[in-house]
Amino acid sequence: MNADELRLLQAPIKARYRDEPAAAKHTFRASGTLLPDRPSVRVDTAFAHYDAGLHEKAGGSGAEACSGDLLLESLVACAGV
């Protein structure tokens with residue numbers, strides 16, 4: 001998709017938000033459940049379910065995403081779109 005196609009796609013959305021600012025509001029949700037057998041949390045969002053834990057350098061196994069991984073992934077996603 002090029003910039004002109006994106007502008008065309010977003011034009012009616014932006015017009016609606018100008019007319020109805022409250023329509024632009026969105027609340028993201030995530031929940032977490034501590035796992036009793038290791039220092040990890042089961043994370044549930046609208047799009048994914050995964051376990052996040054300590055980085056290897058902080059005593060984790062390296063098998064789970066750490067908070068640094070999750071932060072970088074969100075930054076890449078934002079920059080990518």
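**Loops and overall form of the predicted chain**

Q: G62 is found in the loop between which two elements?
A: The model is predicted, so local features need pLDDT of at least 70 and side-chain atom pairs pLDDT 80 or more, while totals for chains, interfaces and linings use all residues. Residues are numbered from 1 along each chain as its sequence is written, and side-chain values use heavy atoms, without hydrogens or water. Helices (H or I, at least four residues) and strands (E, at least two) are DSSP runs, numbered from the N terminus. On that numbering, the loop that holds G62 runs between β3 (49–53) and α2 (67–80).

Q: Why does G62 count as partly exposed?
A: Buried means under 20% relative accessible area and exposed over 50%, with partly exposed in between (1.4 Å probe, protein chains only). G62 falls in the middle class because its relative accessible area is 44%.

Q: How many Å separate the C-alpha atoms of G62 and A15?
A: G62 sits in the loop between β3 and α2. A15 is 47 residues away from G62 along the chain, and the C-alpha separation is 46 Å.

Q: Which residues does A65 touch, not counting residues up to four places away in sequence?
A: A65 also lies in the loop between β3 and α2. Contact means heavy atoms within 4.5 Å. With residues up to four places away left out, A65 touches D51, A52, G53 and L70.

Q: Which residues is L54 in contact with, leaving aside neighbours within four places in sequence?
A: L54 is partly exposed, at 36% relative accessibility. Its C-alpha is 7.6 Å from that of E64, which is 10 residues away in sequence. With the neighbours within four places left aside, the contacts of L54 are P39, G59, G60, S61 and C66.

Q: Where is A23 found, and which residues is A23 in contact with beyond four places in sequence?
A: A23 belongs to the loop between α1 (3–19) and β1 (30–35). A23 is partly exposed because its relative accessible area is 24%. Beyond four places in sequence, the contacts of A23 are R16 and Y17.

Q: What distance separates the C-alpha atoms of A23 and G60?
A: G60 is among the contacts of L54. Along the chain, A23 and G60 are 37 residues apart, and their C-alpha atoms are separated by 42 Å.

Q: In what order do the elements of the protein run?
A: The protein has two helices and three strands. Read from the N terminus, the order is α-β-β-β-α.

Q: What is the radius of gyration of the protein?
A: The C-alpha atoms fill a box of roughly 50 × 25 × 15 Å along the principal axes. The radius is taken over C-alpha atoms, and the globule rule is 2.2 Å times the number of residues to the power 0.38. A compact globule of 81 residues would be near 12 Å, whereas the protein has 18 Å.

Q: What percentage of the 81 residues is buried?
A: Among contacts between residues at least 6 apart in sequence, 4% join residues at least 24 apart. The buried share of the 81 residues is 11%.
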